[in-house]
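Let's take a friendly walk through this fold. Have the sequence and the 3D view ready before you start.

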Amino acid sequence: MSEVHTYPVPETFAANTLVTNDDYQRMYRQSVEDPQAFWSQQANDFLQWSKPFTNVVEEDLTKGHAAWFADGELNVSVNCIDRHLPTRAAQTALIWEGDDPADSKNITYQELHDNVGRLANLLKARGVNKGDRVCIYMPMIPEAAYAMLACTRIGAVHSVVFGGFSPDSLKDRILDSDCRLVITADEGVRGGRKVPLKANVDKALANCPDVHTAVVVKRTGANVDWDSKRDIWYAESVAEQSTDCAPEPMNAEDPLFILYTSGSTGKPKGVLHTTAGYLLASTMTFKYTFDYKEGDVFWCTADVGWITGHSYIVYGPLCAGAVSLMFEGVPTYPDASRCWQVVEKHKVNTFYTAPTAIRALMGAGDDFVTKCDRSSLKLLGTVGEPINPEAWEWYHNVVGENRCPIVDTWWQTETGAHMITPLPGATAMKPGSATRPFFGVQPALLDEKGQEIDGEGEGALVMKASWPSMIRSVYGDHQRMIDTYFSTFPGYYFTGDGARRDADGYYWITGRIDDVLNVSGHRLGTAEIESAIVLHEDTAEAAVVGYPHDIKGQGIYCYVTLKNGREPSEELRKELINLCVQEIGPIAKPDIIQWAPGLPKTRSGKIMRRILRKIACNELDSLGDTSTLADPSVVDELVDHRANK
Ligand code: WTA
């Protein structure tokens with residue numbers, strides 16, 4: 001490995017931080033040695049309880065079980081809104097920046113309260129009760145946050161589905177969690193283009209007979225089909241409702257939301273998070289990882305359809321009483337300086353994005369960055385995939401003018417909040433390393449036999465103890481949660497990632513060690529893409545693997561075997577690509593399709609993905625032992641016809 005440059009905590013930062021390195025050491029030690037005392041204090045400092053808890057945590061990872069603050073009661077919307085009103089009613093809660101640079105507005109905590117109250121009352125009027133599921137399929141507009149918080153007001157469980165998913169994916173998710181009400185918009189707007197959300201909902205709902213209501217926000221005013229028994233306009237319907245809605249007291253372990261995410265096998269899983277633990281962890285990490293100070297403007301560029309948007313646009317920031325910027329558009333529209341124009345316009349202090357965006361912007365050249373005033377920036381962050389040191393250096397030197405620390409935050413939909421991350425006033429940074437565990441997080445590396453590795457080494461990344469925002473279930477299939485996360489290594493939570501620990505105890509995430517792809521920071525299961533491809537009547541079999549892609553991190557490489565007598569053609573290639581987009585969404589668009597007369601299989605018929613990965617990555621010298629294959633000549637054929645990239 002080449003020499004790693006270490007960046008110390010900038011002195012100006014260390015002098016005025018919430019957590020110094022000494023604080024980190026002390027707090028971390030307490031969090032693992034005396035979790036009862038540590039978490040009890042944090043939960044009382046960060047959250048407002050309507051009924052205090054007496055138990056902090058009960059857990060049994062061998063059964064995938066954890067319960068946090070289990071006898072306490074609270075309401076998430078009260079924590080994110082009402083308790084701020086005495087001091088911050090007139091303070092901005094959300095800054096909304098539209099796709100069009102001329103569109104923006106500020107929403108105060110009072111306005112947030114009123115909008116959430118009206119929508120919560122509307123949901124009740126349409127028959128939504130505590131525990132019912134509500135699907136949210138929205139563009140990045142303030143109503144998306146109102147919708148999430150309105151659910152929490154009345155104890156409904158939201159399932160936000162990213163607006164880029166296809167009608168079919170939306171339908172699967174609505175049915176899986178039995179949502180009866182959907183909140184959407186006529187159209188979304190991204191990068192100057194319209195996204196037909198209502199039309200997608202109409203298609204999805206054609207196969208969801210139990211959905212009785214679609215609440216539709218008018219975003220563009222486009223003509224949309226209307227089912228007058230089912231569809232209601234958001235603005236007129238909420239206008240009739242009161243702004244006051246009594247909050248439903250929720251048990252700490254009541255379900256808060258479901259968020260679907262891809263795994264190695266089968267359809268996406270509905271990851272279930274519960275109330276108090278999730279809110280505490282998202283808020284605490286927001287405060288500490290981003291060293292958030294009163295009045296700072298915080299911008300997370302994620303979509304609320306992903307966990308990053310849940311935790312760091314909505315719940316963490318609002319629970320902390322922060323100013324959270326929500327951006328409707330894309331980093332390259334109208335041009336590659338958009339992010340930095342927004343930073344200048346709204347005096348953004350912290351900017352949090354994905355490495356894929358950083359690489360794309362780096363490719364556009366420094367001028368787009370340097371022509372904008374970035375003097376407001378104090379801190380930068382990344383999330384979603386490993387960041388290559390070159391992109392890290394560019395982010396640090398060019399965007400952050402060598403002044404701003406970078407927090408490289410490792411976490412997952414299932415973890416709810418940051419797990420391994422620098423704290424900017426405490427942790428010296430190494431480009432490409434997510435550094436050290438957050439409070440209470442106890443990572444370990446396991447070797448192939450499942451034994452813990454001490455000191456330096458590389459292995460499967462697991463957690464030895466639960467943390468407040470750990471996944472509690474897979475909606476409708478609790479056993480699947482146990483099988484996926486708690487069975488591979490009994491007694492541990494298995495992340496699906498590999499990692500290396502260096503001599504300083506810093507963690508370096510090496511990427512997924514299961515069949516999950518990370519394309520532009522979005523998780524995709526190879527099985528989902530394979531299922532889409534084999535829907536085509538000409539295909540017999542498909543195997544999908546990832547390969548390194550300069551911008552996206554990973555690209556999608558598909559090996560496709562056709563049925564006897566069917567011929568490959570350009571047209572067929574396009575049909576297969578379209579099928580993936582149609583079935584899953586544009587994020588699942590294959591980059592490469594290689595026609596494969598046969599796939600490398602063991603004698604028992606298992607596809608040897610390891611070999612397919614090597615071919616896709618052009619690592620032809622290290623294909624390994626192919627002698628155990630049923631038909632080793634298949635490999636030569638694939639190598640000879642390897643797709644040109
Ligand atoms: C990857 C996103 C390296 C990892 C919050 C994980 C990362 C998956 C990082 C979860 C990081 C996330 N460095 N890899 N800083 N952050 N990952 O559920 O493989 O969409 O398992 O959650 O993204 O993706 P998810």
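## The sheet

Two strands count as paired if DSSP finds at least two bridges between them. Helices (H or I, at least four residues) and strands (E, at least two) are DSSP runs, numbered from the N terminus. In β14, the residue bridged to H158 is F257. Strand β7 (residues 157-160) and strand β14 (residues 255-261) run parallel and are joined by two bridges.

Both belong to an open sheet of eight strands with mixed pairing, in the order β12-β11-β8-β6-β7-β14-β15-β23. β12 (231-233) and β23 (473-474) are at the edges with a single partner strand each, so one side of each has no neighbour in the sheet.

## About the model

This is a predicted model, in which local features need pLDDT of at least 70 and side-chain atom pairs pLDDT 80 or more, while totals for chains, interfaces and linings use all residues. Residues are numbered from 1 along each chain as its sequence is written, and side-chain values use heavy atoms, leaving out hydrogens and water.

## Helix α17

Which residues of α17 are buried? In this helix (residues 478-486) they are R480, M481, I482, Y485 and F486, where buried means under 20% relative accessible area with a 1.4 Å probe, protein chains only. Their cover includes β15 (269-274), β23 and β24 (493-501).

## Two packed helices

Helix α18 (residues 526-533) packs on helix α19 (residues 570-583) at an angle of about 120°, with axes 8 Å apart; axes are lines fitted to C-alpha atoms over the stretch in contact, and angles run from 0 to 180 degrees between N-to-C directions. The contact (heavy atoms within 4.5 Å) involves I529, A532 and I533 of α18 with L576, L579, C580 and E583 of α19.

Key. Buried means under 20% relative accessible area, exposed over 50%, partly exposed in between (1.4 Å probe, protein chains only).
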